[in-house]
Amino acid sequence: MIPYVDTELAIWGKWVVAKASKGIGYSPICPMFKDARHSGCYGSNPPVGAAIGSMDNVLDTDAAVQRLGVDQRKLCVEYYVVGGKAVEVAGRLGIARQRLYERVHALHQSMLGHLNDVAAGC
(Lines give C-alpha, C1' and ligand atoms only; values in the text may rest on other atoms or scores of the structure.)
Protein backbone atom coordinates (compact mmCIF):
# COMPACT_ATOMS: atom_id res chain seq x y z
CA MET A 1 0.00 0.00 0.00
CA ILE A 2 1.05 3.57 -0.61
CA PRO A 3 0.16 5.49 2.59
CA TYR A 4 -0.38 8.87 0.86
CA VAL A 5 -2.79 7.41 -1.70
CA ASP A 6 -4.54 5.35 0.99
CA THR A 7 -5.14 8.49 3.06
CA GLU A 8 -6.36 10.51 0.07
CA LEU A 9 -8.76 7.73 -0.95
CA ALA A 10 -10.02 7.32 2.63
CA ILE A 11 -10.84 11.04 2.74
CA TRP A 12 -12.39 10.81 -0.74
CA GLY A 13 -14.55 7.87 0.40
CA LYS A 14 -15.92 9.87 3.34
CA TRP A 15 -16.56 12.83 1.02
CA VAL A 16 -18.51 10.62 -1.41
CA VAL A 17 -20.68 9.24 1.39
CA ALA A 18 -21.30 12.74 2.78
CA LYS A 19 -22.14 14.03 -0.69
CA ALA A 20 -24.56 11.16 -1.31
CA SER A 21 -26.28 11.48 2.08
CA LYS A 22 -27.11 15.20 1.79
CA GLY A 23 -30.45 14.57 0.10
CA ILE A 24 -31.95 12.36 2.82
CA GLY A 25 -33.70 15.21 4.57
CA TYR A 26 -32.43 14.59 8.09
CA SER A 27 -30.25 16.99 10.00
CA PRO A 28 -26.59 15.98 9.82
CA ILE A 29 -26.13 16.89 13.51
CA CYS A 30 -28.16 15.79 16.49
CA PRO A 31 -29.52 18.86 18.36
CA MET A 32 -27.82 17.61 21.51
CA PHE A 33 -24.43 17.83 19.79
CA LYS A 34 -24.97 20.94 17.68
CA ASP A 35 -22.15 22.84 19.40
CA ALA A 36 -19.64 19.98 19.17
CA ARG A 37 -16.79 20.24 16.68
CA HIS A 38 -16.96 17.94 13.69
CA SER A 39 -15.00 17.50 10.48
CA GLY A 40 -17.98 17.99 8.19
CA CYS A 41 -17.64 14.45 6.88
CA TYR A 42 -19.82 11.45 7.41
CA GLY A 43 -18.47 8.89 9.83
CA SER A 44 -15.62 9.16 12.30
CA ASN A 45 -12.68 11.52 12.29
CA PRO A 46 -10.45 11.71 9.24
CA PRO A 47 -7.56 9.23 9.06
CA VAL A 48 -4.59 9.93 11.30
CA GLY A 49 -2.26 12.54 9.84
CA ALA A 50 -4.86 13.84 7.40
CA ALA A 51 -6.05 17.40 7.32
CA ILE A 52 -9.25 18.22 5.49
CA GLY A 53 -8.44 21.86 5.01
CA SER A 54 -8.71 22.05 1.26
CA MET A 55 -11.40 20.76 -1.06
CA ASP A 56 -8.84 20.88 -3.88
CA ASN A 57 -7.27 17.62 -2.72
CA VAL A 58 -10.64 15.88 -2.60
CA LEU A 59 -11.63 17.20 -6.01
CA ASP A 60 -8.26 16.18 -7.46
CA THR A 61 -8.69 12.70 -5.99
CA ASP A 62 -12.20 12.53 -7.44
CA ALA A 63 -10.87 13.51 -10.87
CA ALA A 64 -8.15 10.85 -10.58
CA VAL A 65 -10.73 8.19 -9.61
CA GLN A 66 -12.78 9.11 -12.69
CA ARG A 67 -9.73 8.33 -14.85
CA LEU A 68 -9.51 4.75 -13.53
CA GLY A 69 -10.74 1.78 -15.51
CA VAL A 70 -14.10 0.22 -14.67
CA ASP A 71 -12.66 -2.62 -12.55
CA GLN A 72 -10.33 -0.38 -10.55
CA ARG A 73 -13.07 2.21 -10.02
CA LYS A 74 -15.37 -0.54 -8.73
CA LEU A 75 -12.62 -1.74 -6.37
CA CYS A 76 -12.10 1.83 -5.19
CA VAL A 77 -15.78 2.31 -4.42
CA GLU A 78 -16.17 -1.07 -2.70
CA TYR A 79 -13.02 -0.66 -0.59
CA TYR A 80 -13.19 3.04 0.33
CA VAL A 81 -16.86 4.02 0.08
CA VAL A 82 -18.85 0.89 0.98
CA GLY A 83 -16.07 -0.55 3.16
CA GLY A 84 -16.25 -3.46 5.55
CA LYS A 85 -13.94 -6.32 6.39
CA ALA A 86 -11.57 -7.61 3.73
CA VAL A 87 -13.56 -10.83 3.44
CA GLU A 88 -16.76 -8.88 2.80
CA VAL A 89 -15.17 -6.58 0.21
CA ALA A 90 -13.56 -9.52 -1.57
CA GLY A 91 -16.87 -11.39 -1.54
CA ARG A 92 -18.71 -8.45 -3.12
CA LEU A 93 -16.03 -8.26 -5.81
CA GLY A 94 -16.01 -12.01 -6.35
CA ILE A 95 -12.30 -12.46 -5.65
CA ALA A 96 -10.25 -14.25 -3.00
CA ARG A 97 -9.29 -12.24 0.07
CA GLN A 98 -5.59 -12.79 -0.68
CA ARG A 99 -6.01 -11.15 -4.10
CA LEU A 100 -7.79 -8.12 -2.65
CA TYR A 101 -4.61 -6.55 -1.27
CA GLU A 102 -2.73 -7.17 -4.51
CA ARG A 103 -5.46 -5.34 -6.39
CA VAL A 104 -5.56 -2.51 -3.84
CA HIS A 105 -1.79 -2.06 -4.24
CA ALA A 106 -2.17 -1.97 -8.04
CA LEU A 107 -5.00 0.56 -7.55
CA HIS A 108 -2.71 2.73 -5.42
CA GLN A 109 0.00 2.68 -8.08
CA SER A 110 -2.51 3.70 -10.78
CA MET A 111 -3.98 6.39 -8.54
CA LEU A 112 -0.55 7.85 -7.82
CA GLY A 113 0.03 8.26 -11.54
CA HIS A 114 -3.41 9.78 -12.08
CA LEU A 115 -3.01 12.12 -9.11
CA ASN A 116 0.29 13.34 -10.56
CA ASP A 117 -1.37 13.87 -13.95
CA VAL A 118 -4.27 15.80 -12.41
CA ALA A 119 -1.89 17.98 -10.36
CA ALA A 120 0.17 18.69 -13.49
CA GLY A 121 -2.95 19.58 -15.45
CA CYS A 122 -2.62 16.78 -18.00
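This is a predicted model: local features need pLDDT of at least 70, side-chain atom pairs count only at pLDDT 80 or more; totals for chains, interfaces and linings use all residues.
Biologist: Then what makes Tyr-79 partly exposed?

Modeller: Its relative accessibility is 21%. That value falls between 20% and 50%, so Tyr-79 is partly exposed.

Biologist: How many aromatic pairs does a search of the whole structure find?

Modeller: The search turns up one. It joins Tyr-79 and Tyr-80, with ring centres 4.9 Å apart and planes at 75°.

Biologist: And why is that pair called edge-to-face?

Modeller: A pair of aromatic rings is described by the distance of the centres and the angle of the planes. Rings of Phe, Tyr and Trp (its six-membered ring) pair if their centres lie within 6.5 Å; planes under 30 degrees apart are stacked, over 60 edge-to-face, and the rest tilted. Here 4.9 Å is within the limit and 75° is over 60, so the pair is edge-to-face.

Biologist: Zooming out, how many helices and strands does the chain have?

Modeller: There are five helices and zero strands, and along the sequence they read α-α-α-α-α. Helices (H or I, at least four residues) and strands (E, at least two) are DSSP runs, numbered from the N terminus. Of the chain's 122 residues, 29% count as buried.

Biologist: How do you know that the buried residues of α4 line one face?

Modeller: In α4, residues 86-93, the buried ones are Ala-86, Val-89 and Ala-90. Looking down the helix axis, they fall within an arc of 95°, so they line one face. The arc is that of the directions from the helix axis to the C-beta atoms. On the face turned away from the buried side sit the exposed residues Val-87 and Gly-91.

Biologist: What do the buried residues of α4 pack against?

Modeller: They pack against α3 (70-82) and α5 (97-120). Contact means heavy atoms within 4.5 Å. In α3, the buried residues are Leu-75, Cys-76, Glu-78 and Tyr-80, and the helix is followed by Gly-83, whose phi is positive, near 70°.

Biologist: What makes a group of residues a nonpolar core?

Modeller: It is a set of buried Ala, Val, Leu, Ile, Met, Phe, Trp, Tyr and Cys residues joined through side-chain atoms within 4.5 Å. The largest one here has 23 residues, and Leu-9, Val-65, Cys-76, Leu-100, Leu-107 and Met-111 touch the most other members. Two or more residues each come from α1 (3-21), α2, α3, α4 and α5. The biggest share is from α5, with six residues. Setting aside neighbours within four places in sequence, Leu-107 is in contact with Leu-9, Leu-68, Gln-72, Leu-75, Cys-76 and Tyr-80.

Biologist: Why is Asp-62 called buried, and Asp-117 partly exposed?

Modeller: Asp-62, in helix α2 (residues 55-66), has a relative accessible area of 18%, so it is under the 20% limit and buried. Asp-117, in α5, has 33%, between 20% and 50%, so it is partly exposed. Leaving out residues up to four places away in sequence, Asp-62 touches Trp-12 and Trp-15, whereas Asp-117 touches Arg-67 and Cys-122.

Biologist: And what makes Cys-122 exposed?

Modeller: Cys-122 is in the segment after α5, and its relative accessibility is 62%. That is over 50%, so Cys-122 counts as exposed.

How values were computed
Residues are numbered from 1 along each chain as its sequence is written. Side-chain values use heavy atoms; hydrogens and water are left out. Buried means under 20% relative accessible area, exposed over 50%, partly exposed in between (1.4 Å probe, protein chains only).
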